[in-house]
Amino acid sequence: MTVHPSLEPYADAWTHSIEAISELVLPLPEGEWNRATPCPGWSVRDVVSHVIGIECEQLGDPRPIHTLPRDLRHVVDEFTRYMEVQVDVRRHHTAPEMTSELEYTVIRRARQLRNEKRDPATMVRGPLGEQVTLEQALRLRAFDVWMHEQDLRAALGAPGNWDSPGAYVARDMLLAGLPKVVAKMAGAPANSAVVLDVHGVLEFMRTVRVDAAGQGTLDKSPSLGPAVTLTMDWETYVRLAGGRLRPRAVADRVKVEGDPDLADAILAHFPVTP
């Protein structure tokens, strides 16, 4: 890669995950493309369609002009409606059509990244058409493709890459939303602390501290006497924070210490990404 140093980790993570996705789906027979994934309402084909569609938009391709069916139960708001268009237009594509479009899109995007000379602070089109920095756009893509790689692995029974470059991007992206979850959405009391202790192939501990004004901040130092400590493995954390699982489905994999009501409120609002 010849990109700016601050972009290189995201470009590397994106490349690793997008190549893993290609390797996963290339040999799939037609019937396997219809397997359900942890993404509500989306099959393997739908997840790959989403990845293709968003990468095409990052390339500057026009969005499809397409009217969605009215019976898609997982389309519940403007965000999901926006995301569904690129998926629904490919819903009847065959396996060879999907793999060939994916391959072509990856080649185009990889070339774009190799030739990227713009400053990381350059404003570009984000996933919903909003303006974000080039660095943020690429960080989001690295995060998104790793999460969807894991969705595909779950659907296909092919676990792996839980500690790949994309995993570290995902960790930081998911943790960035934790202070809002604890302080604002769960309503943790002022001058309290909540500890997240994650073990597994990615192991870390983070503390959310809520100040006197009710603002939450994240740091790596331990807390003496936290209001709540949540302990779980890395895979469970990803699935919960990514909105792929409900807390009650993994109650046996999450250890809760401290205020049970606050813990329940935190877990109820735990997802920080659609």
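Residues are classed as buried under 20% relative accessible area, as exposed over 50%, and as partly exposed in between. In this predicted model, Asn161 has a relative accessibility of 22% and therefore counts as partly exposed. Asn161 is located in the loop between H5 and helix H6 (165-176). Although Asn161 is not a glycine, its phi is positive, at about 60 degrees. A positive phi, near 60 degrees, is also found at Asn191, likewise a residue other than glycine. Asn191 lies in the loop that separates helix H7 (178-185) from strand S3 (192-199). With a relative accessibility of 61%, Asn191 counts as exposed.

The largest nonpolar core comprises 76 residues. Within this core, the residues with the most contacts are Leu196, Leu230, Trp234, Tyr237 and Phe270. Helix H5 (residues 134-156) supplies the largest share of the core, namely eleven residues. When neighbours within four places in sequence are set aside, the contacts of Tyr237 are Leu174, Leu175, Leu196, Val198, Phe204, Met232, Gly242 and Phe270.

Open space in the model was also examined. The second largest pocket holds about 250 Å³ of space. Its lining consists of Pro38, Pro40, Gly243, Arg244, Leu245, Arg246, Pro247, Arg248, Leu267, Ala268 and Pro271. By residue class, this lining of the second largest pocket comprises seven nonpolar residues, three charged residues and one polar residue.

Key: Residues are numbered from 1 along each chain as its sequence is written. This is a predicted model: local features need pLDDT of at least 70, side-chain atom pairs count only at pLDDT 80 or more; totals for chains, interfaces and linings use all residues. Side-chain values use heavy atoms; hydrogens and water are left out. On a 1 Å grid over the protein atoms alone, a cavity is a set of points where a 1.4 Å probe fits but cannot get out, and a pocket is an open set with protein on both sides within 12 Å along at least five of seven lines; lining residues have an atom within 4 Å of a point. Grid points are joined across faces, edges and corners, and a volume is the space filled by probe spheres set on the points. Ala, Val, Leu, Ile, Met, Phe, Trp, Tyr, Cys and Pro count as nonpolar, Asp, Glu, Lys and Arg as charged, and the others, Gly among them, as polar. A nonpolar core is a set of buried Ala, Val, Leu, Ile, Met, Phe, Trp, Tyr and Cys residues joined through side-chain atoms within 4.5 Å. Buried means under 20% relative accessible area, exposed over 50%, partly exposed in between (1.4 Å probe, protein chains only). Helices (H or I, at least four residues) and strands (E, at least two) are DSSP runs, numbered from the N terminus. Contact means heavy atoms within 4.5 Å.
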